[in-house]
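Open your viewer and get ready to click along. We will go one selection at a time.

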Amino acid sequence: MDASKDAPTPHTRTHVRTGILLSAAAALLAAAVPASPTQPAPAPTPDPTPVVVDCFSKPQIRPKEYLLACGDGNNRLVDLHWNTWTPKTATATGTDLINDCRPYCAAGRFRPYPVTVTLSHPQPWPDHPDTHRYTTIRLLYTHTTPTPTPKDVTYKLVYDTPDTP
């Protein structure tokens, strides 16, 4: 057997080395360059459904009851039936239970007043940047009104307390 037939020629060795070098370069380049450009993560978008924040700083959507008098509990909305709850406003019908405080609040009676409730003016909720909360509530008494409250009244719903160092 002639060994010269099986031995690679200098020309063949050069091609093999070139192929190995090109393969190694391609592998290094593939490892160094990402397959697709990296996209930055999209910024979180606020939840389009606002909440109403209760006296205990809990977010609520379509609550059945809502305490208006956080300090003493002498005024609360009950039996709320929500007709709408949108990114701009929410409306409900229900009953405003108000303590008449006669002769004084501890001895008073809770009296019911039918009411239409409208929540509006959603704003970002501090310390909850992805959540908006309604900041005003409008009460429209549909029958009698509690003395001396007007038939149509609007209140601010912002119970935030300033941070203390």
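Here is a short tour, from the whole chain to a few side chains.

This is a predicted model, in which local features need pLDDT of at least 70, side-chain atom pairs count only at pLDDT 80 or more, and totals for chains, interfaces and linings use all residues. Residues are numbered from 1 along each chain as its sequence is written, and side-chain values use heavy atoms, with hydrogens and water left out.

**Whole chain.** Start with the cartoon view: the protein chain has two helices and eight strands, in the order α-α-β-β-β-β-β-β-β-β. These are DSSP runs numbered from the N terminus (helices: H or I, at least four residues; strands: E, at least two).

**Aromatic pairs.** Next, show W82 and W85. Their ring centres are 4.9 Å apart and their planes meet at 75°, so this pair is edge-to-face. Rings of Phe, Tyr and Trp (its six-membered ring) pair if their centres lie within 6.5 Å; planes over 60 degrees apart are edge-to-face, under 30 stacked, and the rest tilted.

Now select Y113 and Y141, another edge-to-face pair, at 6.3 Å centre to centre and 85° between the planes. Y113 belongs to strand 6 and Y141 to strand 7, so the pair ties together parts 28 residues apart in sequence. Is Y141 buried or exposed? Y141 is buried, at 1% relative accessible area (buried is under 20%, exposed over 50%, partly exposed in between, with a 1.4 Å probe and protein chains only).

**Last stop.** Select R76 and F110: the charged end of R76 sits over the F110 ring, 5.7 Å from its centre. That label requires NZ of Lys or CZ of Arg within 6 Å of the ring centre and within 35 degrees of the ring normal.
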